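Here are my notes on the model you sent over, in numbered points. Have the coordinates open while you read.

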Amino acid sequence: MDGDRAVQVSTEVRQAVAADHPGREKRVVGRAHRKVDAVAKVTGQTRFADDLFLPRMLFAKLLRSPHPHARIVKIDTRKALELEGVKAVLTGEDLPIPFGILPVSQDEHALALDKVRFVGDPVAAVAAVSEEIATQALDLIEVEYEPLEPIASPEEAIAKPEPRIHDYGDRGNFHKLIHLEFGNVEQGFAEADLVVEDCYFYQGSTHLPMEQHAAVAEWSPQGKLTLWSSTQTPHYVHRALSKVLQLPPSRIRVIACPNGGGFGGKSDPFSHEIVAAKLAMVTGRPVKITLTREEVFYCHRGRHPTLMWVKAGVKRDGSVTALHFKSLLDGGAYGSYGVASTYYTGALQTVTYQVPRYKFQGARVFTNKPPCGPKRGHGTPQPRYALEIHLDKIAERLGMDPAELRLRHLVPPHSLTANYLRVGSMGLGECIRKVVEGSGWREKFRKLPYGRGVGLACSSYICGAGLPIYWNNLPQSGVQLKLDRGGGVTVYCGSTEIGQGSDSILAYVTAEVLGIDPFDIAVVTADTDLTPVDLGSYSSRVTLMTGNAAIQAAHKARDLLASAVAQKLDVPPSRLEFAGGRVFDVQDPERGVAFAEAVQLAEAAFGTICTVGSYTPPPAAGRYRGAGVGPSPAYSYSAAVAEVEVDPETGIVRVPTIWIAHDVGQCINPVTVIGQIEGSVYMGLGEALMEEMVYRANRNLVHKIPSMLEYKSPTTLEMCDVVTYLVEDPDPSGPFGAKEVGQGPLLPVPPAIANAVYDAVGVRIDEIPITPEKVLKALKAKAKGDAGRFGPISFPEIPWPDPIRVPPPWEGGDGTAVGDKGRGAGGMRERRTRAGDYAGGEARG
Amino acid sequence: MLRLPSFRYLEPRTLKEALRWKSESGPESMYVAGGTDLYPNMKRRHQEPKVVISLARIRALRPKGRSRKAASGLTLAPMMTLTELVESEGIRESYPVLARAAELISTPILRNMGTLGGNLCLDTRCNYYNQSYEWRKAINFCLKKDGAICWVAPSSPRCWAVNSSDLAPVMVAIGADFLLVGPEGERTVAAADFYQNDGIDYLSKHPGEILAEIRVPPRDGWEATYWKLRRRGSFDFPVLGVAAWVRWEEQKVAEARIVLGAVASQPQPVPEAAAAIIGSRLDDEAIEEAALAAFRPSKPMDNTDFGLAWRKEMTRQFVRGALKELRSKLVE
């Protein structure tokens, strides 16, 4: 049905009205278009990083640690170097400068310097004339290790401050401890009619992109490094290369190849990228490295396994009086985005339903496992899972319909939350109504026969982080347009195509403003030599930020063209319309010029036509330490109803259908929007039912199943039917009102399924993934008269720091912490610095 | 991605040539049929033949038009692909249990390459063994390859890798015979004797012998079915298989065989379970008794997907389900 809608939108003929007239009908935006790279993708012509072959190219392999935690005593590479065909061998000493995506977590080395921290940590690298010889050489590298006691779990990390995995962090093996309080929650609980407490666990999962990471490096005789890589963040890779290789950024060119899927797993600068670059410099020959699937599991940076404790106080009408949330994240061996991830487990609880008082305590620990980081939804699917099940339990206790409870207490649009997030357009109510109606919720909820059930859950996600990763006051996205006198337009932007359609978005919005066919636009992206900086494809920022930058550049170009054409036609520029590849007088559409002629007129009048646009998000409203995570130019909203079938004899859960509504603000291309929603549902379904990053604690902490076959992710057969509803409530901050869609729709899926399982068989599975084993255990417990529940029962004692107390807006707060007025009221720089806590050292330095 | 190491590849045209080349190439050589098992194993370096002898070009091992059907049963060619087996109308009509088990193997694409003989000779599997060289290095290898300990049962002297073929338990249940051709001549072994309960030495076939024919008995009053448990409806190996075979005489079970797959290094017959239904009309009580009898000796180990307790528990559900399905076919 949604496909039909898309087609309908695309074929509708709409009347053209004046370009600057408010409410002007859009001709490109909002309609179905082929992606600009679609034909290349489906005909196999897209060149991914591993498809690149340069003359005299060498192949590199990494030797990885077989120990979860050990000191490196000695490395002897002589035998490897003697193997015929080996051109270079590197160890940690060759690349001693640390790096990391966040300025506060510069804790990685391209090759382990003194210590290894997980099975799979890179230790040495070989470049050889073939991959086979490079692989053989790995076995000739002799490494002497002194094993250290491994830390396998958060519980162990808390219990054992020694041995410390890193010599930095908040204390012992705690990487980060956060304690924020917005209003007095104890008072809120005292005012409640009902207080509900529970624990939840959300298992870790990995991104599983089809394309394994690959990179090719070339060192020119003039002393310039070029790196092609499957990365979502070429700008950050550029910075990391400059730092570690001690080369000025002007001598480094990073080109992000089209990514065969990323989902957050290619957002960090990686060991293999730096190693390939260094090997190219050392050998003077191009070097390629392509990771195996197993190595991709070691790069990881996936979902943090998160234990959560929730306490919510509510009135009889379901309104929340206070919410207290604790999270404990298993970070794995390195920092990665972890500090931001930890904040995110506490940031977005407030943007869906009104929460007048809110307290958040978050902790991230180091363990000797592959590092966790950002995966689709970054830090927010875990708390969303807990919160949405918690609300389901509360609704039942209050005897309310869970949809009704949510609808009654929605955060109003254009408002400020307790933790100072500025909500813009807010279409969650409409989303809930759509899925309630579409799924037949009222006829099904608590009414289906035993074994079948429905569950509802909602969510929200940011449209780009308010702050960049490292402190700066520069735009987060830049676009250049070059208009050719033949009528072609080239868009240059640093954004990275990872399959989500970001290249297409640039063409669509530019075509919309200039009134030309999107396929007459050439898109050049993700090349630090050619394109202005865009921070990368993460945090659902790309459509909003690059879209706004492109619109700004296109408006500037249009103004130049309009000015030249107005002179020729002798009409005021405001009477000109750009449409159908022409520039014409709206009052006399026959009078006009072809777009190419308009460019020529402008070029004759003003010289070469190149324009630029850039986008900087609005400053955050919060000024407390930690306020940097959560603010966004806009928030997307989703609601989902899942229907499940549970076999009470086996515990096997099937999900035949998910109805999902997403408030995307405004579709740029409804077909790609629906694609992102379906992809999100797919990924959420996998996390809900089967995906699991598990390690063998009693077998050297090896990853149990680092393969595509044994790491269970749904196939087409397990995929449910998806009924999608697009809710368009344009946001003033978005390009043409658009908000994100790449991540948000994942979030309601796991809790909707958990709530549906409860509706089907009456047991609560408060732990992801919902496996048949867990369901059967809960059913047996229930049959014995115990609580029909599977999930964690306690949250460990953690030495929390004193809270940062911030009065919410309705208690007279201005976004600064108590006792912090003087400092918080400083200038823009100071404000941004404090808000950008996780940017850390550089920010404060 | 993982790439194959260099190796020598031979394509004999006759059985004789294959046997000769095998004996000339010595212990570092292996036969390959479809390659869907061997090549991934070679990529992970846990099977490391230096010489690979393909059986693909040997006409005698390929199906000859329609599968030969005689009063004595059906003879199947080992190099029949699993897709050919699934799509063969003759087999679907007369031996639906074979088509069903074959259809449950892996994915359509892999069934286009994978063969009947290859599936019957499938290397045993274990999630300590089906791992890359680098991974296995981190656990100091295992008994089945390069190591000294079976990590599934460290105090055990033997390897506990799992027979993960879907067709093997079915062949044992229906009482198929296999023709082996070796340097010393031909011999026929019962499917049940073809397999051994040892993760390393899991076939009674000598490495030089070639599985040349699969002979399935005639349809004379028996019904059989196969149930497969796995995480996903495609792609996955079984974590439990139940093959049930029943001969029906005068509205009663005259003979029965129940064979479990994926819970041992061989397809595991459960005669206690079969005994529980002999003489019965497959009434609920008899089925329940058989399910319980199969559940008791079912001892999956912690080396596949899912927890072993749940897999053991599912034995009961699956035996019950398989027998009820047979009842619905027989009592009409």
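1. Let me start with helix H8 of chain A (residues 271–283), which lies across S1, S3, S5, strand S9 (214–219), strand S10 (225–229) and S12 of chain A. The helix runs at about 25° to S9(A). Helices (H or I, at least four residues) and strands (E, at least two) are DSSP runs, numbered from the N terminus. Angles run from 0 to 180 degrees between N-to-C directions, and axes are lines fitted to C-alpha atoms, for helices over the stretch in contact.

2. A word on conventions: this is a predicted model, where local features need pLDDT of at least 70 and side-chain atom pairs count only at pLDDT 80 or more, while totals for chains, interfaces and linings use all residues. Residues are numbered from 1 along each chain as its sequence is written, with chains lettered from A and ligands numbered from 1 in the order in which they are written.

3. Now the sheet itself. In chain A, seven strands form an open sheet with mixed pairing, in the order S3-S5-S1-S12-S9-S10-S11. Strand S3 (86–91) and strand S11 (252–256) of chain A are at the edges with a single partner strand each, so one side of each has no neighbour in the sheet. Ignoring direction, neighbouring strands are turned by 20° against each other on average. Helix H4 of chain A also packs on this sheet, where H4(A) touches S1, S3 and strand S5 (122–128) of chain A, and the direction of H4(A) makes about 25° with that of S1(A).

4. Which way do S1 and S12 of chain A pair? Strand S1 (residues 58–64) and strand S12 (residues 287–290) of chain A pair in the parallel sense, over two bridges. Two strands pair if DSSP finds at least two bridges between them. A:Phe59 has A:Lys288 in S12(A) as its bridge partner.

5. For the domains, the bounds come from an automatic or database domain assignment. For chain A that gives domain 1 (2–32 + 475–615), domain 2 (57–148 + 210–261 + 266–299) and domain 3 (306–467 + 624–790). The C-alpha centres of domain 1 and domain 2 of chain A are 41 Å apart. In chain A, 14 residues of domain 1 are in contact with 15 residues of domain 2; contact here is C-beta atoms, placed from the backbone, within 7 Å. The domain 1 side of that contact in chain A has five nonpolar, six polar and three charged residues. The classes are Ala, Val, Leu, Ile, Met, Phe, Trp, Tyr, Cys and Pro as nonpolar, Asp, Glu, Lys and Arg as charged, and the others, Gly among them, as polar.

6. Next, a helix pair: H15 (residues 502–514) and H16 (residues 542–569) of chain A pack at about 30°, with their axes 9 Å apart. Among the residues making the contact are A:Ile505 and A:Val509 of H15(A) and A:Ala550 and A:Ala554 of H16(A). The contact of H15(A) with H16(A) has 10 nonpolar, six polar and one charged residue.

7. Helix H10 (residues 338–347) of chain A has 10 of its 10 residues buried, so it is largely enclosed by the rest of the structure. Buried is 20 or more other C-beta atoms within 10 Å of a residue's own, exposed is 12 or fewer, and partly exposed is in between, with C-beta atoms placed from the backbone. The buried residues of H10(A) pack against S7, strand S13 (306–314), strand S14 (320–330), strand S15 (358–365) and helix H11 (381–398) of chain A.

8. Some backbone spots to look at. Most residues other than glycine have a negative phi, and most peptide bonds are trans. A:Tyr420, not a glycine, has a positive phi of about 70° and counts as buried, with 24 C-beta neighbours inside 10 Å. A:Ser540 has a positive phi of about 50° and is in the loop between strand S21 (521–525) and H16 of chain A. A cis peptide bond joins A:Glu162 and A:Pro163, with omega about -5°; another cis peptide bond joins A:Ile768 and A:Pro769, with omega about -5°.

Key: Contact = placed C-beta atoms within 7 Å.
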